[in-house]
Amino acid sequence: MDARTLTHSVVFFALAIVALCTQSLFVGNYPLVCLCLVMTVGVSHGALDYVKGRAVLKTFERSQIRTFYFAYVAFACLIIAAWRLSPVALLTIFLLIAAYHFGKEDSEFVPGAQQGLGRLLYLAKGIAVIVAPLAFNPQATEVIFQSLNMTVIEIFSVHVCASLLVLSFVSNLILGARCRRSTLTLLLDFTSILVLNWALHPLVAFCFYFCFLHSIRHSMELMGSMHGRASERLITFIRKTLPLTCVTGVIFALALYGLLINFSLDDSTNKVIFLGLAALTFPHVILEYLFESRVVSSSDLGQSHFGGISSQRV
């Protein structure tokens, strides 16, 4: 396991402790600050999806990147349409996929990927991100869900949330069983999530996690696969992700402007953040699956596509 991953977890844990000690400064949900963080730091880790998309297209004997962009955007629009038709069904599926996605990508550093039913460990690990706010701040979390046309407080009682958090804790122990350093990293992340949700408004706690743990860790993994020194990889990453991050930010800002006509700032921000992330997460997860099953499993191209990114043309 890369020592930088453990260092990142230690820094994030320290950030959570600082938030706990200064929680009086974080009264409220700071909707615009959270939205800006998600639009920039948060979504940037998916802005290199086009590189994986290009690799997947080659396995289908297609080379035009516009095919990838069209499919990605079309799927995102389909998710928004599905929410309009059946918000409860769409958000339920999204929460399950998001929990699995968080659990899997936050533990990519653990030796030996889980297969078959073992993948349920990723779901159990990631479920902490979903249920921790319900366990520590159920009323404020319910307000967020209600703004998305869904109610969960009657289903996720304190006892249910506590049981799921115990399950998540156990899954972290099992995932890290092969490596003591991995176990320490996983438990630091788990504790940080609990501390943040204990100390902060659910929206702020989620943004802290999504931007400064999930997004940065995935970005570190991508940069680690590039050529050059650390500073060169960072510059390359920023240069390659900036265009799509800016485009996504503009779309989010326009969506917020349109929603403010009929909804409050809090409701509008919740819709933009969580529906926007749902629209991006579905195609992102599908792409990850196709990349792993069609590219990585067949050769070492998975690394080479990012290793040579500095010489690739956007």
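Reader: What is the hand of the crossing of helix 6 and helix 9?
Author: In this predicted model, helix 6 and helix 9 cross in the right-handed sense.

Reader: And at what angle do helix 6 and helix 9 pack, and how far apart are their axes?
Author: Helix 6, residues 120-136, packs against helix 9, residues 180-199, at an angle of about 25°, and their axes are 8 Å apart. Because of that angle, helix 6 is roughly parallel to helix 9.

Reader: Which residues make the contact?
Author: On the helix 6 side they are Lys125, Ala128, Val129, Ala132, Pro133 and Phe136. Helix 9 contributes Leu186, Phe190, Ile193, Leu194, Asn197 and Trp198.

Reader: Changing topic: how many cavities of 30 Å³ or more does the structure hold?
Author: There is one cavity of 30 Å³ or more, and the largest cavity has a volume of about 30 Å³.

Reader: Which residues line the largest cavity?
Author: The lining consists of Phe102, Gly103, Asp106, Lys125, Gly126, Val129, Ile193 and Tyr209. Two elements, helix 5 (87-105) and helix 6, each give two or more residues to that lining.

Reader: Which element gives the largest share of the lining?
Author: Helix 6 does, with three residues. Lys125, Val129 and Ile193 belong both to this lining and to the contact of helix 6 with helix 9.

Reader: What classes of residue does the lining of the largest cavity have?
Author: Four of the lining residues are nonpolar, two are polar and two are charged.

Reader: Moving on, at what angle do helix 10 and helix 12 pack?
Author: Helix 10 (residues 202-224) and helix 12 (residues 265-296) pack at about 30°, and the distance between their axes is 13 Å. The two helices are therefore roughly parallel to each other. Their crossing is left-handed.

Reader: Which residues of helix 10 and helix 12 meet?
Author: From helix 10, Leu203, Phe206, Phe210 and His218 meet Asn270, Ile273, Phe274, Leu277, His284 and Glu288 of helix 12. By class, six of the contact residues are nonpolar, three are polar and one is charged.

Reader: Last pair: where do the axes of helix 2 and helix 11 come, and at what angle do they cross?
Author: The axes of helix 2 (residues 31-44) and helix 11 (residues 230-259) come within 7 Å of each other and cross at roughly 145°. This crossing of helix 2 and helix 11 is right-handed.

Reader: Which residues meet there, in helix 2 and in helix 11?
Author: Helix 2 supplies Leu32, Leu35, Val38, Met39, Thr40, Val43 and Ser44. They meet Phe237, Thr241, Thr245, Thr248, Gly249, Phe252, Ala253 and Leu256 in helix 11.

Reader: How many charged residues are in the contact of helix 2 with helix 11?
Author: The contact has no charged residues; nine are nonpolar and six are polar.

Note on methods
Residues are numbered from 1 along each chain as its sequence is written. This is a predicted model: local features need pLDDT of at least 70, side-chain atom pairs count only at pLDDT 80 or more; totals for chains, interfaces and linings use all residues. Side-chain values use heavy atoms; hydrogens and water are left out. Axes are lines fitted to C-alpha atoms, for helices over the stretch in contact, and angles run from 0 to 180 degrees between N-to-C directions. Helices (H or I, at least four residues) and strands (E, at least two) are DSSP runs, numbered from the N terminus. Angles under 35 degrees count as roughly parallel, over 145 as roughly antiparallel, 65 to 115 as roughly perpendicular and the rest as oblique. A crossing is left-handed if the near helix is turned anticlockwise from the far one by less than a right angle, and right-handed if clockwise. Contact means heavy atoms within 4.5 Å. On a 1 Å grid over the protein atoms alone, a cavity is a set of points where a 1.4 Å probe fits but cannot get out, and a pocket is an open set with protein on both sides within 12 Å along at least five of seven lines; lining residues have an atom within 4 Å of a point. Grid points are joined across faces, edges and corners, and a volume is the space filled by probe spheres set on the points. Ala, Val, Leu, Ile, Met, Phe, Trp, Tyr, Cys and Pro count as nonpolar, Asp, Glu, Lys and Arg as charged, and the others, Gly among them, as polar.
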